Amino acid sequence: MKIIRSRLVPFKGYNAINLLGILFCRKGVELTPSLLNHECIHTRQMVEMLVVGFYLWYVVEWLVRLPMKGSAYFNISFEREAYANQWDEHYLEHRRPYSWTKYLRSKKGVS
């Protein structure tokens, strides 16, 4: 995964953002194994959703979850899967395709 450090991208309050498989991270952010794994999970999600589908689904799900209780960001199924498994360094070795769909109906969010 290519990594680009920037003062502008991602927005303040976020450590990193994965755009098209390129990881943009704020200057000074420590790239921990769990953060890198989290972003690698997103890359796998992008690939299986043919990139455009990932971003379309992400935005639509975020909009749907905005009026719901809790943080829309933390309740997006892609984020739920990534946060739930970021500490498992072997997760991508045994992850089944479209595993993020298990997190669509889950009532409990990350935050």
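Helix 1 contributes the most residues to the lining of the largest pocket, namely six; helices (H or I, at least four residues) and strands (E, at least two) are DSSP runs numbered from the N terminus. The model is predicted, so that local features require pLDDT of at least 70 and side-chain atom pairs count only at pLDDT 80 or more, whereas totals for chains, interfaces and linings use all residues. Residues are numbered from 1 along each chain as its sequence is written, and side-chain values use heavy atoms, with hydrogens and water left out.

The volume of the largest pocket is about 620 Å³. A pocket is defined on a 1 Å grid over the protein atoms alone, as an open set of points where a 1.4 Å probe fits, with protein on both sides within 12 Å along at least five of seven lines; lining residues have an atom within 4 Å of a point. Grid points are joined across faces, edges and corners, and the volume is the space filled by probe spheres set on the points. The lining comprises 26 residues, of which Y14, A16, Y58, Y73 and E79 lie nearest the centre. Two or more lining residues come from each of strand 2 (16-19), helix 1, helix 2 (52-65) and helix 3. By class, the lining holds 15 nonpolar, eight polar and three charged residues, where Ala, Val, Leu, Ile, Met, Phe, Trp, Tyr, Cys and Pro count as nonpolar, Asp, Glu, Lys and Arg as charged, and the others, Gly among them, as polar.

Helix 1 (residues 33-48) and helix 3 (residues 77-85) have axes that come within 9 Å and cross at roughly 140°. Helix 1 is therefore oblique to helix 3. Axes are lines fitted to C-alpha atoms, for helices over the stretch in contact, and angles run from 0 to 180 degrees between N-to-C directions; those under 35 degrees count as roughly parallel, over 145 as roughly antiparallel, 65 to 115 as roughly perpendicular and the rest as oblique. In this contact (heavy atoms within 4.5 Å), N37, H38, I41, H42 and Q45 of helix 1 meet F78, E79, E81, A82, Y83 and N85 of helix 3.

F54, W57, Y58, E61 and R65 in helix 2 meet S77, F78, E79 and R80 in helix 3.

In the backbone, V9 and P10 are joined by a cis peptide bond with omega of about 0°.
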